[in-house]
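I opened the notebook with a few places to look up.

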Amino acid sequence: MPDSAIPHPVSSPISATARPLYLGGEIYRHSSYGKKHPLSIPRVSVATDLVRAMGWLDESAYIESPIASAEQLARFHDRAYIAAVAQAERDQRVDVATAQLYGLGKLENPVFPEMYRRPAIAAGAAILGAELIRDGGIVYSPASGTHHARPARASGFCFFNAPVLGILALLDQGLDRVLYIDLDAHHGDGVQDAFHDDERVLTVSVHEAGRWPYTGILTDRAGGHARNLPMPRGLNDTEFRHVVEDAIVPLACAFRPQAMMIQTGADALADDPLSLLSLSNRALWQAVKDLVGLAPRTFVVGGGGYNPWSVGRAWAGIWAVLNGLDPTVPLSPAASEVLRGLTWDRREGRNPPSRWFDRLADDPREGDIRAEVREAVQHIAVSIGDL
Ligand SMILES: [Zn+2]
């Protein structure tokens, strides 16, 4: 029976029974982009420590991520660029010409000790993750949300584009309907542009309007294969739920994806310093819950997130949701210890509020649905007929 004959929502017997897999990595524990960089903080290691401390991670579901080979990276990236990033890691410096050509060595995408290995491992996880869901199932790689990287340029803290490499690996399996849903506060520009001319991939991005990289306006459809939902400052849980339920879920049902990648950047949360969106982690968890059954293969990746407490708790909770567990339960003593052990070298981190470390779930942040949110949802809803 062709896939197209399967009624909606598509759910395969495999995805219903297979255990989700967790792709983590020890490299993230001590790697930092430098003291002044937003990525000076631990993120993947916090999420991983939390899910272990909560008793949510069966060690047989944990996979230490492999490093992508240069050959694998070259499926999307220019070979000269790959070589330049590797060389910069070896030299721990870049010359002026290389810096300009590839966007390396500046404040945004600095030279740091693991600047090649770290993104190459995030990419390796994306490629392996695609393979692990070949026959269906759910895989989670919180490090693999690097959605801004370009074929020959680092961008927005991203050196290699793990989401693109993961989607390409899914396409290379012969799939021809892959849905990418980007919930990060920033537009998923690198992924949208990578598949601009590829009708096998539909990219959907919800992000803060008027924020870097300033792309992804409401009417931007990238040749027909993208939908964008720019959101006003202060986006609340009620508004986000409206977007998910009345724009993204109907889009997904109409597109009938054989595979879906969900980018769960945690920088749209109210406690994140890099956006002015105002979600609770409950909103992100509910979105994942609403979306995860809509394709037989689901690949959940992380993304932004620049407050170690809020990103760690959000990503740990996503793993709970993927396993059918309730992330709003009280912290275990061990999990409490993980959160109390964190530090953040920023003004807000010097005296962290207790809600950052004495519970996993944020208080809900419900509110009115503003007209501009309704209009954006309506705009996307009427575009479903164009798919
Ligand atoms: Zn972001």
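Predicted model: local features only at pLDDT ≥ 70, side-chain atom pairs only at ≥ 80, totals over all residues.

**Zinc site.** I looked up which residues coordinate the zinc ion. I found Asp-184 through OD, His-186 through ND1 and Asp-267 through OD, at 1.9 to 2.1 Å. I wrote the sequence spacing of these donor residues as D-x1-H-x80-D. Buried or exposed, I asked of Asp-184 and Asp-267? Both are buried.

**Helix H11.** Next I turned to H11, residues 281-291. I listed its buried residues as Asn-281, Ala-283, Leu-284, Trp-285, Ala-287, Val-288 and Leu-291. Then I checked what covers them. The cover includes strands S4 (178-182) and S7 (259-263). Helices H10 (237-255) and H12 (308-322) are also among the covering elements.

**H7 against H8.** I took H7 (residues 117-132) with H8 (residues 162-172) and got an angle of about 25°, with the axes 8 Å apart. Angles under 35 degrees count as roughly parallel, so H7 is roughly parallel to H8. I recorded the crossing as right-handed. From H7, the contact uses Ala-122, Ala-123, Ala-126, Ile-127 and Ala-130. From H8, I noted Ala-162, Leu-165, Gly-166, Ala-169 and Leu-170. I sorted these contact residues into nine nonpolar, one polar and no charged.

**H10 against H15.** I then took H10 with H15 (residues 371-382), which pack at about 5° with axes 9 Å apart. That angle makes H10 roughly parallel to H15. On the H10 side I found Glu-239, His-242, Val-243, Asp-246, Ala-247 and Leu-251. They meet Val-373, Arg-374, Val-377, Ile-380 and Ala-381 of H15. I counted seven nonpolar, one polar and three charged residues in this contact.

**Phe-76.** Last, I located Phe-76 in the loop between helix H4 (70-73) and helix H5 (79-91). Why does Phe-76 count as buried? Its relative accessibility is 14%, and buried means under 20%. Leaving out residues up to four places away in sequence, I found that Phe-76 touches Ala-149, Arg-150, Pro-151, Asn-161, Val-164, Leu-165, Leu-168 and Ala-194. I also looked up Gly-367, 291 residues along the chain from Phe-76. Their C-alpha atoms are separated by 41 Å.

Notes. Residues numbered from 1 in each chain as written. Heavy atoms only, no water. Buried < 20%, exposed > 50% of the residue type's maximum accessible area, 1.4 Å probe, protein only. Helix = DSSP H or I, 4+ residues; strand = E, 2+ residues; numbered from the N terminus. Contact = heavy atoms within 4.5 Å. Donors = N, O, S within 2.8 Å, 3.2 Å for Na, K, Ca; no water. Axes fitted to C-alpha atoms, helices over the stretch in contact; angles between N-to-C directions. Parallel < 35°, antiparallel > 145°, perpendicular 65-115°, else oblique. Left-handed = near helix turned anticlockwise from the far one by under 90°. Nonpolar A, V, L, I, M, F, W, Y, C, P; charged D, E, K, R; others polar.
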